[in-house]
Amino acid sequence: MRSIWNGAISFGLVSIPIKLVNATENHSISFRQIHTEDGGRIRYRKYCELEDREVSSQEIGKGYEDSDGTIIPITDEDLAGLPIPTAKTIEIVAFVPEDRIDPLQMDAAYYLQAGGAPAAKPYTLLREALKRSKKVAITKYALRGRERLGMLRVVGDAIAMHGLLWPDEVRAPEGVAPDADVTVRDKELDLADALMDTLGEVDLEDLHDEYREAVEEVVAAKAAGETPKEAPAPEAGGGKVLDLMAALENSVRAARESRGEEAEVKQLPQRRTSRSSPKDTGGKKSTSTAKKKKTTSSPRKSTSKTSKASQSEKKATAKKTPAKKSAAKKTASRKRSA
């Protein structure tokens, strides 16, 4: 990786030579401006107002425009000789817990590369000190013509630096939240929690830029003389939420279907919907429970009832048997007399 800045980290009286390299890269697709009638490139030429001619990059420098319109030339030597310690140094000013840093302040990210063999020992010392303290270092440094705020933290075996916005560069969220007094019900929060649980976690490595892929497909299709695929029509009423509870339930159901789970919202009892009340659901549960209780009576009672029934059946059988015998005797005597 090519370094964009060379300097040193000032860690008290310890100086660590380092090189600053970009930790991120941009993969977005860039377009050129063209003339729509003939497809010709649109280019911007740099002209000098006084000489009325185009100038090269080597002839272009910096200048500060004063309030009266006067241009004051500023050279790179002027900026390099600024009487501040951060001109060529990343100065550590404090160590704080990482949660003290507001994510809104996070800006560009860089890796700090040790500048040669002599920097290996102090570089490793600072890295291990950051690890053991579980803190981040707050720094000040100068880059591209201005002094900036930074944060050092450990990423793997390297030290990374995040540029931070100055606190007065972060706007307060005034007028952003809804002005209306809105009350959120517990049932709605339960459904929102269920949706969050259903969506679950994700490995960021699995996420990709679908917009860039779609643009690449359009470019490839047009280069091959084909017609690009048309985007699917948006669903009707997609931007309107008339029933928040129903929308949350449908969201949970859709999320589960996308994950290959059952579409039925089992973890969300019907008592949480606007169509059924808690009493109805509770009544159904109590009815099923009562049925189970009736069918599963205590073993002692069932045993006693069975024994009584068997005894009564035996007595009835015993009574019926002599009656049959007497009837048979009478029939036999009648036949003889005849």
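View 1. E216 is partly exposed, at a relative accessible area of 38%. This is a predicted model, and here the side chain of E216 makes a salt bridge with R212, with 3.3 Å between the closest N and O atoms. The two sit 4 residues apart in helix α4, so about one helical turn separates E216 from R212. R212 is partly exposed too, with a relative accessible area of 23%.

**View 2. R127 meets E128.** Here's a pair linked by a salt bridge, with 3.0 Å from N to O. R127 has a relative accessible area of 14%, so it counts as buried. E128, at 36%, is partly exposed. Side chains of opposite charge can pair when their charged atoms come close.

**View 3. K140 and E147.** Zoom in on this spot and you'll find K140 and E147 joined by a salt bridge, their closest N and O atoms 3.9 Å apart. K140 has 26% relative accessibility and is therefore partly exposed. E147 is partly exposed as well, with a relative accessible area of 28%. For context, a search of the whole structure turns up 10 salt bridges.

**View 4. A patch of negative charge.** On the surface, D209, E210, E213 and E217 gather in a negatively charged patch. D209 lies in the loop that runs between α3 (186–199) and α4 (210–223). With 35% relative accessibility, D209 counts as partly exposed.

Notes:
Residues are numbered from 1 along each chain as its sequence is written. This is a predicted model: local features need pLDDT of at least 70, side-chain atom pairs count only at pLDDT 80 or more; totals for chains, interfaces and linings use all residues. Side-chain values use heavy atoms; hydrogens and water are left out. Patches are made of residues with over 30% relative accessible area and no salt bridge: like charges are joined within 9 Å, nonpolar side chains (Val, Leu, Ile, Met, Phe, Trp, Tyr) within 5 Å. Accessible areas come from the Shrake-Rupley method with a 1.4 Å probe; for residues, only the protein chains shown count as cover. A salt bridge is a side-chain nitrogen of Lys or Arg within 4 Å of a carboxyl oxygen of Asp or Glu. Lys and Arg count as positive and Asp and Glu as negative; His and the chain ends are not counted. The place of a charge is taken as NZ of Lys, CZ of Arg, CG of Asp or CD of Glu. Buried means under 20% relative accessible area, exposed over 50%, partly exposed in between (1.4 Å probe, protein chains only).
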